[in-house]
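Please look at the sequence and the model first, then read on.

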Amino acid sequence: IMDYEEISKHNKRNDLYVVVHNKVYNITPFLNEHPGGEDVLMDEGGRDATEAFEDIGHSDDARELLEKYYVGDLDPKVNTITFIVKKETMEII
């Protein structure tokens, strides 16, 4: 079980986590394979990417592939938190 404080630390090209439907995924190995490019994933790194994931309308195959990168669940006691992040450093302020 992870919280957003922990997940937000994983926001770099060599260490990238996202949350989709309260599940945490380490998508680092998938960056070079993503059909939409790695920048799209980097923009969502270290936070809840559920809305972005659903807005695209991913296929059943994409949803199945995502499970390969599952690393844990979002702490159920945690509500969605919005972080203010410095874009240059990805530092939480």
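In which helix is the place of Asp61? Asp61 is in helix 4, residues 60-67. Helices here are DSSP runs of H or I of at least four residues, strands are DSSP runs of E of at least two, and both are numbered from the N terminus.

The model is a predicted one, in which local features need pLDDT of at least 70, side-chain atom pairs count only at pLDDT 80 or more, and totals for chains, interfaces and linings use all residues. Residues are numbered from 1 along each chain as its sequence is written, and side-chain values use heavy atoms, with hydrogens and water left out.

**The chain as a whole**

The protein chain contains 4 helices and 7 strands. Their order along the sequence is α-β-β-β-α-β-α-α-β-β-β. Of the 93 residues in the protein chain, 34% are buried. Buried means under 20% relative accessible area, exposed means over 50%, and partly exposed lies in between, with a 1.4 Å probe and protein chains only. The accessible surface is about 6200 Å², and carbon and sulfur atoms account for 50% of that surface. These areas come from the Shrake-Rupley method with a 1.4 Å probe, and for residues only the protein chains shown count as cover.

A contact means heavy atoms within 4.5 Å. Among contacts between residues at least 6 apart in sequence, 67% join residues at least 24 apart.

**Salt bridges**

The structure holds 4 salt bridges. A salt bridge is a side-chain nitrogen of Lys or Arg within 4 Å of a carboxyl oxygen of Asp or Glu.

| Acidic residue | Basic residue | N to O distance |
| Glu38 | Arg13 | 2.0 Å |
| Glu44 | Arg47 | 3.3 Å |
| Glu54 | Arg63 | 2.8 Å |

The salt bridge of Glu38 and Arg13 links distant parts of the chain, with Glu38 in helix 2 (residues 38-44) and Arg13 in the loop between strand 1 and strand 2, 25 residues apart. Glu38 is partly exposed at 24% relative accessible area, and Arg13 is partly exposed at 44%.

In the second pair, Glu44 is buried because its relative accessibility is 16%, while Arg47 is partly exposed at 38%. In the third, Arg63 has a relative accessible area of 28% and Glu54 has 31%; Arg63 is partly exposed, and so is Glu54.

**A charged patch**

Which residues form a negative surface patch? Asp60, Asp61, Glu64 and Glu67 do. Patches are made of residues with over 30% relative accessible area and no salt bridge, with like charges joined within 9 Å. Asp and Glu count as negative, and the place of a charge is taken as CG of Asp or CD of Glu. Asp61 itself is exposed, with a relative accessible area of 61%.

**Loops**

The loop between strand 2 (15-20) and strand 3 (23-26) contains His21; Asn22 lies in the loop between strand 2 and strand 3. Phi of His21 is near 50°, a positive value in a residue other than glycine. For Asn22, also a residue other than glycine, phi is positive and near 65°. His21 is partly exposed at 48% relative accessibility, and Asn22 is partly exposed at 47%.

Is Ser8 buried or exposed? Ser8 is buried, at 6% relative accessibility. This residue sits in the loop between helix 1 (4-7) and strand 1 (11-12). The C-alpha atoms of Ser8 and Gly45 are 7.7 Å apart, although 37 residues separate the two along the chain.

Terms used: Patches are made of residues with over 30% relative accessible area and no salt bridge: like charges are joined within 9 Å, nonpolar side chains (Val, Leu, Ile, Met, Phe, Trp, Tyr) within 5 Å.
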